[in-house]
Amino acid sequence: MEYRRETIATLLLNRLTEQKVDLKRQFIDSKPLIGHFILDNLLPNALTNEIYEKFPSTKEVKQKKNIRESKYIAYQMNAYDALLEETIYAFQDKRVVNIIKEICDLDSVLPDENLYAGGLSMMGKENFLNPHLDNSHDADLKNWRVLNLLFYVTPDWKKSSGGSLELWPKGLKAPSIEITSKFNRLVVMSTHNNSWHSVNKVTTEGVRCCVSNYYFSENPIHNSDKFHITTFRGRSNQKLIDVLLRLDNQLRKGVRKIFKKGIRENPHKYKK
């Protein structure tokens with residue numbers, strides 16, 4: 001069966017509507033720190049399996065490997081199977097955006113058709129993402145980043161496989177909330193000046209595949225939020241890495257004070 005984004009969006013809408021009360025409760029309960037909700041069995045298993053099967057290999061995508069992160073990303077969606085693009089943009093369907101906006105009790109939410117920092121994410125063995133704050137704005141520095149949508153599609157992925165999303169609602173010195181990147185699971189989390197999150201190291205030979213979207217808004221989550229670049233830190237057992245990442249943050253912040261959009265255009269955008 002050939003799935004179009006409108007069909008996938010209807011499936012998303014139905015599932016979100018079905019669980020709306022519980023999802024809203026999850027988000028409201030966690031909102032004082034890092035608002036988030038988890039929804040399992042998002043799409044029919046057969047469709048999610050097909051989405052996974054259509055993911056490119058790690059050799060076909062861009063690798064990012066440094067002390068901040070180690071992962072694979074893809075965002076030029078017309079280079080890959082059409083189902084992947086249809087799935088990503090199903091999350092940008094107005095009906096889906098509106099119900100997530102209602103669940104998260106936000107006044108206005110805007111999807112990002114350019115997939116700035118969104119698209120496909122893949123993590124193999126030993127890959128990781130250190131604790132960080134996502135950069136506060138869109139590519140044009142016009143709208144605030146307010147929600148991160150992560151849809152995990154790798155079958156039989158377990159907590160023991162690693163690659164779990166970690167939320168740090170009480171800061172990096174307190175325990176994190178670990179969310180397994182379970183097959184057919186959607187995680188939606190708020191992004192703001194205190195929404196520290198990370199992905200722990202993948203320990204299996206498999207590849208953790210994720211479809212990601214960001215939603216933006218004319219207003220930040222908190223009135224106190226301020227413009228910031230993507231900011232990385234080390235874990236509590238990474239003293240030297242933490243020092244190096246703090247220096248890296250300062251250097252990149254200094255550059256952005258001079259060049260507001262950076263020295264060069266961020267290539268992580270879908271150029272249609």
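What follows is a conversation about how the terms used for this predicted model are applied.

Modeller: Residues are numbered from 1 along each chain as its sequence is written, and side-chain values use heavy atoms, with hydrogens and water left out. As the model is predicted, local features need pLDDT of at least 70 and side-chain atom pairs count only at pLDDT 80 or more, while totals for chains, interfaces and linings use all residues.

Biologist: Why is Ser 190 called buried?

Modeller: Buried means under 20% relative accessible area, exposed over 50% and partly exposed in between, with a 1.4 Å probe and protein chains only. Ser 190 has 3% relative accessibility, and therefore counts as buried. Ser 190 belongs to strand S10 (residues 185-190), where helices (H or I, at least four residues) and strands (E, at least two) are DSSP runs numbered from the N terminus.

Biologist: Which residues does Ser 190 touch, not counting those up to four places away in sequence?

Modeller: With contact taken as heavy atoms within 4.5 Å, Ser 190 touches Phe 27, Ile 34, Gly 35, Val 146, Leu 147, Ser 195 and Ile 221.

Biologist: What makes strand S5 (residues 119-123) largely enclosed by the rest of the structure?

Modeller: Five of the five residues of S5 are buried, and that is why the strand is described in this way.

Biologist: How do you know that S5 pairs with strand S3 (residues 69-74)?

Modeller: Two strands pair if DSSP finds at least two bridges between them, and S3 and S5 have three bridges, in the antiparallel sense.

Biologist: Why is the pair of Tyr 89 and Tyr 270 called tilted?

Modeller: Rings of Phe, Tyr and Trp (its six-membered ring) pair if their centres lie within 6.5 Å, and planes under 30 degrees apart count as stacked, over 60 as edge-to-face and the rest as tilted. By this rule the count comes to two aromatic pairs. Tyr 89 and Tyr 270 lie 6.5 Å apart, centre to centre, with 40° between the planes, and form a tilted pair. The pair links distant parts of the chain, with Tyr 89 in helix H4 (residues 82-90) and Tyr 270 in the segment after helix H6 (239-258), 181 residues apart. Both count as buried, Tyr 89 at 6% relative accessibility and Tyr 270 at 5%.

Biologist: What makes the pair of Phe 91 and Phe 151 tilted?

Modeller: Their centres are 6.0 Å apart and their planes form an angle of 50°, which is again classed as tilted. Phe 91 sits in the loop between H4 and helix H5 (94-103) and Phe 151 in strand S7 (residues 144-152), 60 residues apart, and thus this pair links distant parts of the chain. Phe 91 is buried, with a relative accessible area of 2%, and Phe 151 is buried with 0%.

Biologist: Why is Asn 41 called partly exposed?

Modeller: Its relative accessible area is 47%, and therefore Asn 41 is called partly exposed. Asn 41 lies in the loop between strand S1 (36-39) and helix H3 (45-53), and its phi is near 55°, a positive value in a residue other than glycine. Most residues other than glycine have a negative phi.

Biologist: How do you know that two of the spaces in the model are cavities?

Modeller: On a 1 Å grid over the protein atoms alone, a cavity is a set of points where a 1.4 Å probe fits but cannot get out, whereas a pocket is an open set with protein on both sides within 12 Å along at least five of seven lines, and lining residues have an atom within 4 Å of a point. Grid points are joined across faces, edges and corners, and a volume is the space filled by probe spheres set on the points. By this rule there are two cavities of 30 Å³ or more. The largest cavity holds about 70 Å³ of space, and of the 13 residues that line it, the closest to its centre are Ser 136, Trp 144, Arg 145, Thr 191 and His 192.
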